[in-house]
Amino acid sequence: MLIPFNKIYYTGNELRYIEDALEKGQLTGDGEYSGIVCSFLEKKFGINKVLVTTTATHALEMAAMLIGLRPGDEVIMPSFTFPSTANAVLLQGARPVFAEIREETLNIDPLDIERKISQKTRAIIPVHYAGNGCELERVIELADQYNLLVIEDAAQAVNARYRNKYLGTWGDIGCYSFHGTKNYICGEGGAIAINSQHNGLLEQAEIISEKGTDRTRFLRGEREKYSWMAPGSSYLPSNLLMAFLYAQLEQLDDIKSRRKIIFNYYSEHLQSYLGQGIIKGISRIPSGCDPNYHLFYLLFPNERVRDKARALLKEKGISALFHYQPLHSAPMGRKLGYQAGDLPITEGISSSILRLPFYTGMTAAEMEYVVEQIRKVIKEL
Ligand SMILES: Cc1ncc(COP(=O)(O)O)c(C=O)c1O
């Protein structure tokens with residue numbers, strides 16, 4: 001059996017909606033499906049206003065522009081994340097300040113956030129790893145206490161909740177991804193949730209995403225013409241991609257249920273290996289979280305054992321992957337003055353984590369095969 005790490009899941013309506021968009025001649029951004037997707041997300045998650053974007057990377061970039069980051073500013077985030085989280089800040093000339101994660105959740109540690117707050121701190125970016133919510137009440141308390149803004153990197157956390165409130169709706173701004181490897185996909189895509197009503201954030205967001213113009217207001221009939229208003233870029237996804245995405249969102253909760261079955265299967269069958277030496281940890285649902293079951297991981301004692309497990313699984317036709325290379329010790333992180341050893345928990349997790357194949361359409365036979373082979377691999381290690 002060959003088990004890929006990820007596989008695209010089609011709900012069945014993707015082509016029909018794309019055809020509909022083509023028939024209506026709507027290929028650019030600002031089409032009907034973009035509007036439908038925004039309204040859907042607003043209603044389902046209870047968001048003040050959503051704008052769809054080309055990627056979550058771009059949603060994060062927009063967020064950094066929107067809060068007016070400047071050279072000299074600092075933004076606290078985990079090092080255990082995708083480079084996009086830090087790039088958004090760097091591109092505005094500001095500095096990412098990396099905080100530790102907690103071993104139990106792989107999410108940012110609020111105690112370390114507080115230690116790292118300085119006179120220059122402007123914002124915090126909690127990243128909801130694996131679709132598990134960070135300890136948001138504490139993050140928001142800190143933000144209120146020190147007058148900071150919160151941008152949630154909810155790239156992995158579409159349709160997940162923390163204390164019954166959807167992720168991406170807790171902070172001033174939330175950023176989502178619809179990349180082909182996520183739970184709800186359109187190849188490349190994202191969205192920005194504007195939760196805060198402060199400082200005309202929404203009007204600014206519309207301007208930034210439309211090349212720095214007030215074209216969105218013009219399209220709504222609120223302007224006779226549109227003009228260049230501010231610095232901006234082009235963050236609008238094609239209506240064709242939004243047609244694809246809508247077919248996925250229509251089955252939002254069905255997709256979540258299917259993924260929950262896979263998560264529970266892995267969890268139930270691999271639980272017994274915990275504490276027996278080889279498996280140091282497995283995916284768990286932290287308290288207060290209703291996740292979207294984005295991924296499943298195992299933690300090995302060290303990098304050598306992890307890499308050997310991965311190679312043995314590969315021999316058996318199973319593709320298992322790891323991530324993230326900690327940002328602070330990556331070449332760019334070192335250029336910023338950070339070094340290996342700065343964040344020991346992050347480094348330990350990063351070198352011992354192995355992600356198992358996980359995709360919505362995974363069959364029972366595929367799950368059984370993966371678990372069976374892991375049992376064998378554990379004996380061979
Ligand atoms: C935590 C996090 N932030 C941002 C991104 C970037 O998402 P996108 O590929 O939609 O730009 C990813 C992608 O994997 C991610 O995991």
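Me: Helices here are DSSP runs of H or I with at least four residues, strands are DSSP runs of E with at least two, and both are numbered from the N terminus. Where does Asn 164 lie?

Reply: This is a predicted model, in which local features need pLDDT of at least 70, side-chain atom pairs count only at pLDDT 80 or more, and totals for chains, interfaces and linings use all residues. Residues are numbered from 1 along each chain as its sequence is written. On that numbering, Asn 164 is found in the loop between strand 6 and strand 7.

Me: Is Asn 164 buried or exposed?

Reply: A residue is buried if 20 or more other C-beta atoms, placed from the backbone, lie within 10 Å of its own, exposed if 12 or fewer, and partly exposed in between. Asn 164 has 7 C-beta neighbours inside 10 Å, so it counts as exposed.

Me: What is phi of Arg 163?

Reply: Arg 163 sits in the loop between strand 6 and strand 7, and with 13 other C-beta atoms within 10 Å it is partly exposed. Arg 163 is another residue other than glycine with a positive phi, a value near 45°.

Me: Which residue of strand 7 is the bridge partner of Tyr 162?

Reply: Two strands pair if DSSP finds at least two bridges between them. Strand 6 (161-162) and strand 7 run antiparallel and are joined by two bridges. Across from Tyr 162, the partner in strand 7 is Lys 165.

Me: What is the order of the open sheet of three strands?

Reply: The pairing in this sheet is antiparallel. Strand 7 (165-166) and strand 11 (289-290) are the edge strands, each pairing on one side only.

Me: How many helices and strands does the protein chain have?

Reply: Along the principal axes, its C-alpha atoms fill a box of roughly 70 × 55 × 35 Å. Counting its elements gives 14 helices and 13 strands.

Me: What is the radius of gyration of the protein chain?

Reply: The radius of gyration is taken over C-alpha atoms, and the globule rule is 2.2 Å times the number of residues to the power 0.38. A compact globule of 381 residues would have a value near 21 Å, and the protein chain agrees with 21 Å.

Me: Which residues around the ligand come nearest?

Reply: A residue counts as near if its C-beta atom, placed from the backbone, lies within 6 Å. Helix 3 (56-66) and helix 4 (83-90) each supply at least two residues of the shell. Of the 14 residues around the ligand, the nearest are Thr 55, Ala 56, Thr 57, Ala 155 and Ser 177.

Me: What arc do the buried residues of helix 4 cover around the axis?

Reply: The buried residues of helix 4 are Thr 85, Ala 86, Ala 88 and Val 89. They lie on the same side of helix 4, because they cover an arc, taken from the directions from the helix axis to the C-beta atoms, of only 150°.

Me: Which residue in strand 9 stands opposite Val 50?

Reply: Strand 9 (190-194) is mostly covered, with five of its five residues buried. Gly 190, Ile 192 and Ile 194 point one way, and Ala 191 and Ala 193 the other way. Five bridges join strand 9 to strand 1 (49-53), and the two run antiparallel. Opposite Val 50 stands Ala 193.

Me: Which residue in strand 9 is the bridge partner of Cys 175?

Reply: Strand 8 (173-177) also runs antiparallel to strand 9, and five bridges join them. The partner of Cys 175 is Ile 192.

Me: What do the buried residues of helix 9 pack against?

Reply: Helix 9 (239-249) is mostly covered, with eleven of its eleven residues buried. Among them are Leu 240, Met 242 and Phe 244. Contact means C-beta atoms, placed from the backbone, within 7 Å. The packing partners are helix 1 (14-23), helix 2 (32-45), strand 1 and helix 10.

Me: Is Gly 277 buried or exposed?

Reply: Gly 277 lies in the loop between helix 10 (252-270) and strand 10 (281-282). With 10 C-beta neighbours inside 10 Å, Gly 277 counts as exposed.

Terms used. Contact = placed C-beta atoms within 7 Å.
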